[in-house]
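Let's take a friendly walk through a protein together. Keep the sequence and the 3D view open, and look up each residue as we come to it.

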Amino acid sequence: MCGIVGYIGQKEKTMNVLLNGLERLEYRGYDSTGIAYFHKNNVEILKKTGKLNQLKNVVNKNIQSEIGIGHTRWATHGKPSELNAHPHCCGKITAVHNGIIENMNSLKKKLQDEGISFISDTDTEVLVALLNYEYEHTNHMVTAMERTMSQIIGSYAVVFINEDDKDCLYVMKKDSPLLLGIGNQETYIASDMSAFCEFTNQYCILDDEEYGVVEKNHYHIYKDGKEIKKDIEKIEGLSCLSNKEAYDCYMHKEIYDIPKILKELFTFYEDEHSHLIPDYKKYHKIQIVACGSAYHAGMIGKCLFEQFANFPVEVEYASEYRYKTIFADENTLVIFVSQSGETADTIACAKKIKSMGVDSLAIVNVYNSTLSRLTNYVYYMKAGEERAVATTKGYSSQVAIFVILLREWMKQQKTWSKELEAMYQDGKEKLLKVITPCLKQYEHFSWISNLINQPSNFFIGRRSDYALSMEASLKLKEVSYLNSSAYAAGELKHGTISLIEEKTPVFAIATDEYTYSKTKSNLMEVKARGGYVILATLDTLDDSIDVDEKIIIPDVNPLFQSIMTILPFQLLSYHVAKKLKLDIDHPRNLAKSVTVE
Ligand code: F6R
């Protein structure tokens, strides 16, 4: 979602830092861009709808300015347009904002009653007008920020400049991420460190309700009216940046990253880092809370724990969990799953759980992300930077972490038998051996055209194959825009089968020996109604079944099967989107890091 960049430092560097920073934040998803900077004592603002290149085409990169702010906007209030794009200016204040001001209507009315008028539909313009109003009435920016923050309800990461202070930037933060990058005689500000990590490896994270003044070589951060000291942290090895290498897009490259990531992940958690594991023995219940693909990974986690540890697990959407009655106590472990660690709904749940004193564990990719700092324990996914909006390697590493967790959990409960360990070692070895050659096999599906122009695609499966169906269906729709839904295979005939007509594509994922024959019967029901059936099944299961197409998947074993089974579907979605000539890494309307609810 919206990305923020700010810079104060060397005048010949500002444009480069802003534009590079915005480029690094492109992956978050956006629909318009803008920058503002001081030039010859005036504030200049440039905004464009569409891709960053539109903005780059109109920016004079030789402009000398010591201070600038930049923004990629993902529309919440008002459609994508130059008027609604950030930065927004009111009086002496020009700002960029990530988040949502929930009480914008009442604030807007109050400001309108004071004679202030608005030109955009955005909540940000209201926020800027309020800041300017308070500044005019106090003539003191820090006090104006405090007064503004006391009136706004919602989430915000804000960076702004004030025409009266040409040697500093101002920041305010609540519930949306904001970091400072500390350089030599220069300071960077961004929504995430990828925007500045090529320039500095020192940073500090702003916490909720902090605000402050940022200069070239100092920064003063406040909370509740008092200046506070912030810890400076170090980005290890500047490894946060990735590039496409020879691949045509990040999604394709990231699918090919999976074998290496898995190998490193298993080694890391098996060898040195098992001490990260909390004392599992005290827990009677696990709740897994996440959104989107991370929720689907949680569903696989549930299947693993129920099947192998005979332990009950609930999986909840974070957007629902945060508003429901929560049944969790000192014997509950709540596991939050999030690639970005910045998903607003997941974070809200983690805050709630923390305030209840319930133990929590995060499965998260981004080091030091908000979620990782809210939970008692953290399992890092170690998937490296994921830039394609649609997750692939992130999802796969989340599922792999659940296998690792299951093993550690059962070891502590003394229920991890020699047979299970042998199954684990054998499955892992098989998976790592077959995965790369298999990716190559799934690079060509001759029947892709049969999916396009159909009103709907369906995915069905049972147990973990149902969880995989949900992920496969989401992947297809998000990158190819084909309508697609997933169902528990047995549910189809309770309503949805009315949608099956001649040539309707139905994918059946049936890798589970226990339910294979049941899913097969459901397939036959679809086939009898003219559906176009694509069966994804194991090389070891009976394949005499008459379907239109087959995707054959190596039998790894039930512990690792889900990691293997999703791969053809990740590649299928990529190939459909490619055939349709879509922007695979940046699907329309989607954001990588969903920082508003
Ligand atoms: C789908 C996708 C999303 C995310 C979801 C949660 O490809 O990427 O569904 O899984 O927005 O994001 P994180 O994992 O960052 O919390």
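Predicted model: local features only at pLDDT ≥ 70, side-chain atom pairs only at ≥ 80, totals over all residues.

Where do E478 and K475 lie? Both belong to helix α13, which covers residues 464–480. They are three residues apart, about one turn of the helix.

Are E478 and K475 buried or exposed? E478 is buried, and K475 is buried too.

The side chains of D548 and K527 meet in a salt bridge, at 3.3 Å from N to O. Since D548 lies in the loop between β24 (532–538) and β25 (549–553) while K527 lies in helix α14 (residues 513–528), the pair ties together parts that are 21 residues apart in sequence. D548 has a relative accessibility of 31%, so this residue counts as partly exposed. K527 has a relative accessible area of 25%, so K527 is partly exposed as well.

Another pair is K230 and E210, whose closest N and O atoms are 2.7 Å apart in a salt bridge. This pair links distant parts of the chain, 20 residues apart. K230 is in the loop between β14 (226–228) and β15 (233–234), and E210 is in strand β12, residues 210–214. Both K230 and E210 are buried.

How many salt bridges does a search of the whole structure find? The search finds 35. Some residues join up into a network of salt bridges: K173, K174, D175, D208 and K351 are linked in this way.

Let's zoom out. The protein is divided into domain 1 (2–234), domain 2 (250–416) and domain 3 (449–579). The C-alpha centres of domain 1 and domain 2 lie 33 Å apart. Where these two domains touch, 12 residues of domain 1 are in contact with nine residues of domain 2.

The size of an interface is often given as the accessible area lost when the parts come together. Between domain 1 and domain 2, the buried area is about 900 Å², and carbon and sulfur atoms give 39% of it. Which residues of domain 1 lose the most area to domain 2? They are R24, Y27 and I205, which together make up 46% of what that side buries.

## What holds the contact surface

There are four salt bridges between domain 1 and domain 2, and eight residue pairs in polar contact. Two elements give two or more residues to the side of domain 1 that touches domain 2: α1 (14–25) and β11 (202–205). By class, that side has five nonpolar residues, one polar residue and six charged residues.

## A closer look at K428

K428 is in helix α12, residues 418–441. Is K428 buried or exposed? With a relative accessibility of 12%, K428 falls under the 20% cut-off and so counts as buried.

The side chain of K428 makes a polar contact of 2.9 Å with the side chain of E270, and another of 3.2 Å with the side chain of Q425. Leaving aside residues up to four places away in sequence, K428 touches F266, E270 and F560.

## Backbone details to spot

Which residues does a cis peptide bond join? The bond lies between H86 and P87, and omega is about 0° there. P87 is in the loop between β4 (67–73) and β5 (88–90).

Phi of Q185 is near 60°, a positive value in a residue other than glycine. Q185 is in the loop between β9 (179–182) and β10 (187–190), and its relative accessible area of 42% makes it partly exposed. Phi of E209 is near 65°, also a positive value in a residue other than glycine. E209 lies in the loop between β11 and β12, and at 35% relative accessibility E209 counts as partly exposed.

Conventions. Residues numbered from 1 in each chain as written. Heavy atoms only, no water. Domains from an automatic or database assignment. Contact = heavy atoms within 4.5 Å. Buried area = accessible area lost by both parts, 1.4 Å probe. Polar contact = N/O pair within 3.5 Å; in protein donor to acceptor, adjacent residues only side chain to side chain. Helix = DSSP H or I, 4+ residues; strand = E, 2+ residues; numbered from the N terminus. Nonpolar A, V, L, I, M, F, W, Y, C, P; charged D, E, K, R; others polar. Buried < 20%, exposed > 50% of the residue type's maximum accessible area, 1.4 Å probe, protein only.
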